[in-house]
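This report describes the pockets of one protein model. Please look at the sequence and the structure before reading on.

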Amino acid sequence: MALQDFEAQELAQFAEDISQAYEDLKARNLALDLTRGKPSSEQLDFSDELLGLPGSGNFRSADGTDCRNYGGLAGVKDIREIYAELLGIPVDQVYAGDASSLNIMFDLIMASYIWGTNDSPRPWKDEPVVKWLCPVPGYDRHFTITEHFGFEMLPVPMLDDGPDMDVVRDLVKDPAVKGMWTVPIFGNPTGVTFSEKVCHEFAEMETAAPDFRIVWDNAYAVPTLTDEFPVVHNVIEFAKEAGHPNRFWFMTSTSKITFAGSGVSFFASSPENLAWYASHANVRGIGPNKLNQLAHAQYFKDAEGVRILMRKHAGSLAPKFERVLQILETRLGEYGVASWTKPEGGYFISLDVVDGTASRVVELAKEAGIALTGAGSSFPLHKDPNDRNIRLAPSLPPVEEVEVAMDGVATCVLLAAAEKFAD
């Protein structure tokens with residue numbers, strides 16, 4: 001029976017019982033954290049072999065490049081070839097960078113803001129207003145970048161197969177709309193993977209702005225929770241065939257594969273976009289950390305080596321996600337106070353609670369010693385108009401702590417719902 005349908009006396013008794021359960025929870029003096037999608041120590045340990053690579057005297061790539069020296073903006077070809085195969089993109093259209101793809105995204109936005117893209121009639125800073133499309137729930141660090149530049153961010157609802165493309169097609173009729181954030185595989189935080197149909201629609205749609213760009217952030221292209229890996233669609237080729245060759249800025253990295261803070265990032269795009277990027281990146285620096293790129297290539301050996309490693313990660317992550325879903329169903333399922341995604345990959349579960357209670361759930365959890373990502377974090381400016389969404393990140397703690405934390409979160413969800421329905 002849904003909690004909202006309880007008779008007044010039943011609801012009062014339920015509220016009393018769940019309030020006592022909450023007091024018992026607080027008495028445990030917990031200190032648990034479900035805020036960020038970080039790999040666990042166990043996952044990081046999988047790649048310890050990297051710490052000894054490339055090794056003394058082993059500093060040349062397959063083409064003879066001395067990776068100890070300056071240069072090589074595109075990165076070491078050895079690692080680019082591995083990721084070109086994983087992404088289904090020609091190696092000449094894949095650049096390898098330093099640890100964070102977010103840094104490349106920031107640089108792309110900044111260069112467009114200051115100088116304009118290779119398709120821009122003027123720098124974005126000279127536009128009366130710059131608007132940016134933001135799928136919601138979405139990735140908070142994406143939104144922080146466009147907020148930093150003062151862009152007007154327009155939310156786009158997420159559906160089961162990707163963003164609502166009817167909304168997208170309508171919004172891009174405005175020439176002020178210059179771009180869009182996306183996480184097309186195992187999205188943050190929903191776990192949604194864009195369908196091939198949606199990928200083609202992105203490539204083919206007409207936009208009023210000639211310099212419209214889509215940041216195609218494939219951060220979770222291979223972090224699966226199963227033995228299966230989704231198809232990575234070559235949207236760059238889709239767009240070329242549709243007559244919009246420069247539409248996509250395609251990203252990924254090894255951040256959720258080897259060492260989160262010391263990996264390799266990748267930027268793929270059209271030849272013209274890469275030349276434009278290089279014109280700025282060659283001024284910004286004198287090439288990436290090629291020794292780290294060489295070490296990764298030696299560690300992975302080939303694309304299948306990446307997949308083998310990711311199956312180890314799945315063995316570590318999947319039990320945590322399974323327990324989260326089991327606890328949500330057991331504790332909340334019968335009361336109709338929440339819904340949640342059931343991802344097959346990525347690092348997050350998106351939890352929707354009773355409208356108007358997400359902030360209260362986060363507050364209650366904090367008071368009980370359970371840290372959650374702030375309510376509204378998955379929306380531009382941290383403003384969830386319905387105050388319903390909470391991002392759960394179960395990857396970092398051991399499964400035993402995940403169980404305790406999620407049982408506590410469920411108690412907080414029920415208490416917040418009881419308070420709401422009693423008003």
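The lining of the largest pocket divides into nine nonpolar, six polar and six charged residues. Here Ala, Val, Leu, Ile, Met, Phe, Trp, Tyr, Cys and Pro count as nonpolar, Asp, Glu, Lys and Arg as charged, and the others, Gly among them, as polar. The model is predicted: local features need pLDDT of at least 70 and side-chain atom pairs pLDDT 80 or more, while totals for chains, interfaces and linings use all residues. Residues are numbered from 1 along each chain as its sequence is written, and side-chain values use heavy atoms, without hydrogens and water.

A pocket is an open set of points on a 1 Å grid over the protein atoms alone, where a 1.4 Å probe fits, with protein on both sides within 12 Å along at least five of seven lines; lining residues have an atom within 4 Å of a point. Its volume is the space filled by probe spheres set on the points, which are joined across faces, edges and corners.

| Largest | About 470 Å³ | G37, L102, Y139, S255 and K256 |

Helix 4 (residues 101-115) gives the most to the lining of the largest pocket, three residues. In the second largest pocket, strand 4 gives the most, also with three residues. Helices (H or I, at least four residues) and strands (E, at least two) are DSSP runs numbered from the N terminus.

The lining of the second largest pocket divides into ten nonpolar, seven polar and five charged residues.
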